[in-house]
Amino acid sequence: MSETILEVKNLRTYFTRKDGVVKAVDGISYTLGRGETLAIVGESGSGKSVSVTSIMGLIRTGRHARVQGEAVFKGRDLFRLSNRELFNIRGNEISMVFQDPMSSLNPTMKIGEQIIEPLLWHKKASRAEAKKLGIKLLEEVGIPSPETRFNNYPFEFSGGMRQRVMIAMAIIANPDLLIADEPTTALDVTVQAQILSLIQEMQKKKNTSIILITHDLAVASSFCSRVIVMYAGRVMEEGHMADFIRDPVHPYAQGLLNSTPVLGDARERLEAIAGQPPNLKKVPEGCPFAPRCKKCMAICRREAPPGTLIGPGHKAYCWLCVDDMQQGREVAENA
Amino acid sequence: MAKQKTADGHMKSRSHTMTILAQYFSNKAAAFCAGVIVVLVLMAIFVPVFSPYSYEDVDYTALYATPNAQHWLGCDAAGRDMLMLLCYSLRNALIVGIGACAVQFVIGLLLGGISGYCGGRIDNLLSRVIDIMYGFPTFLFNLILVLLLGRSLFTIFFAIGLTSWAPMARLVRSQVITVKQSDYVEAGHALGASNTRILLHYILPNCLGPIVICLSQGIPAAMFAESGMSLIGLGILPPMPSWGGLITTGQQFILSYPHMILFPALSFAITILAFSYVGDGLRDAFDPRQIG
Amino acid sequence: MFKYFLKRLGYMFLAVLVISAITFGLLQLAPGNYLETQRLLEKTMTDATVSEQMKEAWEKFYDLDKPAIYRYGKFLVNAVQGKFGPSYKYPTQNIEDIIARTLPISARLALMAIAVALVVGIPLGIIAAIRQNRILDRIVMFVSMLGSSIPAYVLAVLLSWALGVALHLLPVIGWGAPVNYVLPVVALALGPIGTVTKYTRSTLVETLNQEYIKVARAKGGSFFQVTFKHALRNSLIPLITVVGPMAASLTVGTVFVENMFAIPGLGQYYASAAINRDYPMVMATTVIFALLVMGMNLLVDFIHAFLDPRVKKSLTQKGG
């Protein structure tokens, strides 16, 4: 097992709105090792983006937002650090790539300037050195004529190019952890594949740990070795990608896999998951997925299920598993 | 559309107008000032009806009187009741403000709408006209127009409206252009709607927001303009009271009878302030990002 | 891009031409006559009454016996050379000399007011935006609203009373020393301060909500780096566009403030000319003010295009 660089313990992020408290993230925990690639998968509103923005400290806490729990990065709890220490970590040891390349770059600043900012702000290089590094990086991410492009403005780039620029910006300071929040959602399918392979390439070269957030299982499975499925702010299932794809246990996860079209699929109809995601202000008692679950039982509506280990590194939060395990034990006991 | 639960738990959709109104009233300052304006309008209409004095009544025993039991806000140099003077000034100011905005609205809507909708050469020509109006020395023109047309309330607000429609026209034009290119208008064309129908049912309703905001900012601007003219001596014809006129006369007595300038200045400021907050509140209420 | 602005410059002169024509036309229609307003044509003879002969001579002196077209044409020809001829009220002086003497004073006042508005308004707007919706924001906004709601002349009166008469801090009358500038500039600047504050606040709030600000914070930017390097630059650029209309409204403000503080600026002539039916003066001041206001707007647009790379690009791409 490689060394753990990030350990999230019982992360909760609550927002206070006029008509109630939105429990965007309601108790998730996971660990991430050095060089590991983790995918966080879920629908819109599942809390996946909020969970990583909370970890980065980008949520404005105060009267309207509370972040609780622990996020231990390289031995230090990020939630206990001062602002100054956080500034040092962001962009430097932990970087983020955001979803919308169109709006993520400052339109009135040259992209070269924006790319080298992490180096300048963290005093890792002089301006001249940073510029050289920036140009070299532009080339590595696949931008032609990097010297001229360095002085261009964001509106002179296409969406896919801008996302490459974002990636360059995120890795220029050699972070230990790169968080990519839906990096391909706003891009064409062909460009998607290019961006994903670019991220994978960077990961292999520098052994960066990666958290990839997406609602698309196909994207998740493209290079991540582990996966967490989130729903209504909680983890439903987590495990190694291969195990998960082959044998998902949680009904929600199964639903996700079933609703993903696959070439050569013999089925005529895609199975959609019936119902709507829950109103996060009024999360029902028990398992949040219960209202939409085909295999829902009485206990599912009363109590939230605990995590059950169903295989090496494979955990599911479902009463069915508990049931099975119990039945298995009963069978074994009675045998 | 925002949804809300009715008593029996069913989901009911709110109309767009209701959403905007709700958004507006959630802003406490704006809601308060809307109330202030209602009070002011009511005052302008009803206080003269109930008061024992008219603004013309001259009380020789009360020249320059400071506030007392008989004259709640005192009197001016000619013994006229200050409260009455202020109410009539308010009334005149409101008439000027609303009248000028009506003129602005009509001219701006026509020119801006035609310019935006037709595009091409007509748009170019009308845009040039609008640009010229922007550079117009409006104040001077107000004076000249009033000289020409005489000094009634009508001519004053007509002149002000005639010289200040440029922002409204530009606004309407840019709104029409934006809406004209939107998908739902294209869909309307595809469904076979005639041009008139498109204009009336698709484009105009969606331009209303900024237009309302422009109007609410235009009223205080027109009041300002009129008071400026009064200062020069070409505003509302005395003995009809106006804030500008009261302030000019009061200026001379600022050391001896400050109430003569203080009260008009205050009432002027309060009215303009109320309209400003309402204008800002409207702007926030129509802002789609803040809704929901 | 320069071609575009040259074109606009051309349009500007055309516009001023149109304005002068309209003004001239309106003035021909306006009732009343200079001599009448100055009571120089009273039926009863006084020392000031003008005889029929003198009236004719006066009219000849000002070309009033010639047709309107001739007078307008002469006006244009002279105007282009910068000459406006003698005014009615001050027949011994040429208007262009009057303007040369008084315009710099008014311009100085207006420019100082703009400068004060920017220097005070921008920081206030920043404070309000950073502390959005909290007490400080509401106070700043209320004060700036007050500034733009109370007319300049009222504030001028109140200020001069408070600071000049009651506290004896500043001179109320007099001109020439720098200290005489304080009250008029402050009175003029209060409205613009309100505008600048409000505008700075709203653009800054909008900018701070943009995605790229979150990205900048994610890169490890401190509060100052993000606010000043990224957000402020983007929100100050549109602020330039507000300066143009502000200049226009200041031209009106100077009229009152100069009146109040007895400042020998162009504003004084501006308004009295219309009342006195001093037509040459009216024509001249209209043209000058129109040129100034439009010129200011053009300059402001130019600076805006220069600063914002998106606008610059779209203008150069259009083929100039």
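**Notes on chains A, B and C**

1. Val72(A), in strand 4 of chain A, is the bridge partner of Glu7(A). The model is a predicted one. Strand 1 (residues 4-17) and strand 4 (residues 65-73) of chain A run antiparallel, and 8 bridges join them.

2. These strands belong to an open sheet of chain A. It has 4 strands, in the order 2-1-4-5, with antiparallel pairing. Strand 2 (20-33) and strand 5 (76-77) of chain A are the edge strands, each pairing on one side only. In a regular strand, side chains alternate between the two faces of the sheet.

3. Further along chain A, look at the hairpin. Strand 9 (residues 226-231) and strand 10 of chain A pair in the antiparallel sense over 6 bridges. There are 2 residues between the two strands. Ala232(A), in the turn, has a positive phi of about 50°. Tyr231(A) has Arg234(A) in strand 10 of chain A as its bridge partner.

4. Is strand 10 of chain A mostly covered or mostly uncovered? It is mostly covered: of the 7 residues in strand 10 (residues 234-240) of chain A, 6 are buried. Strand 10 of chain A also pairs with strand 12 (residues 314-316) of chain A. That pairing is antiparallel, over 2 bridges. Glu238(A) stands opposite Lys315(A) in strand 12 of chain A.

5. Next, the contact between chains A and C. Chain A puts in 23 residues and chain C 19 residues. Helix 2 (83-89) and helix 3 (111-121) of chain A each supply at least two residues of the side of chain A that touches chain C. The largest share of that side, 3 residues, is from helix 3 of chain A. By class, the side of chain A that touches chain C has 12 nonpolar, 8 polar and 3 charged residues.

6. Then the contact between chains C and B. It takes 32 residues from chain C and 29 residues from chain B. Several helices of chain C each supply at least two residues of the side that touches chain B, among them helix 6 (135-149), helix 10 (223-261) and helix 12 (279-307). Which helix of chain C gives the most to this side? Helix 1 of chain C does, with 7 residues. The side of chain C that touches chain B divides into 27 nonpolar and 5 polar residues, with no charged ones.

7. Helix 1 of chain C also packs on helix 12 of chain C. Their axes lie 10 Å apart, at an angle of about 155°. With over 145 degrees as the cut-off, the two helices are therefore roughly antiparallel to each other. The crossing is right-handed. Residues from helix 1 of chain C in this contact include Phe5(C), Arg8(C), Met12(C), Ile19(C) and Phe24(C). From helix 12 of chain C, they include Tyr279(C), Met283(C), Leu291(C), Gly295(C) and Phe302(C). By class, the contact has 17 nonpolar, 4 polar and 1 charged residues.

8. Last, chain B as a whole. It has 11 helices and 2 strands. From the N terminus on, its elements run β-β-α-α-α-α-α-α-α-α-α-α-α. The C-alpha trace of chain B spans about 75 × 55 × 30 Å along its principal axes. Of its 292 residues, 42% count as buried. Take the contacts in chain B between residues at least 6 apart in sequence: 65% of these join residues at least 24 apart.

Conventions. Residues are numbered from 1 along each chain as its sequence is written. Chains are lettered from A and ligands numbered from 1 in the order in which they are written. This is a predicted model: local features need pLDDT of at least 70, side-chain atom pairs count only at pLDDT 80 or more; totals for chains, interfaces and linings use all residues. A residue is buried if 20 or more other C-beta atoms lie within 10 Å of its own, exposed if 12 or fewer, and partly exposed in between; C-beta atoms are placed from the backbone. Two residues are in contact if their C-beta atoms, placed from the backbone, lie within 7 Å. Two strands pair if DSSP finds at least two bridges between them. Ala, Val, Leu, Ile, Met, Phe, Trp, Tyr, Cys and Pro count as nonpolar, Asp, Glu, Lys and Arg as charged, and the others, Gly among them, as polar. Axes are lines fitted to C-alpha atoms, for helices over the stretch in contact, and angles run from 0 to 180 degrees between N-to-C directions. Angles under 35 degrees count as roughly parallel, over 145 as roughly antiparallel, 65 to 115 as roughly perpendicular and the rest as oblique. A crossing is left-handed if the near helix is turned anticlockwise from the far one by less than a right angle, and right-handed if clockwise.
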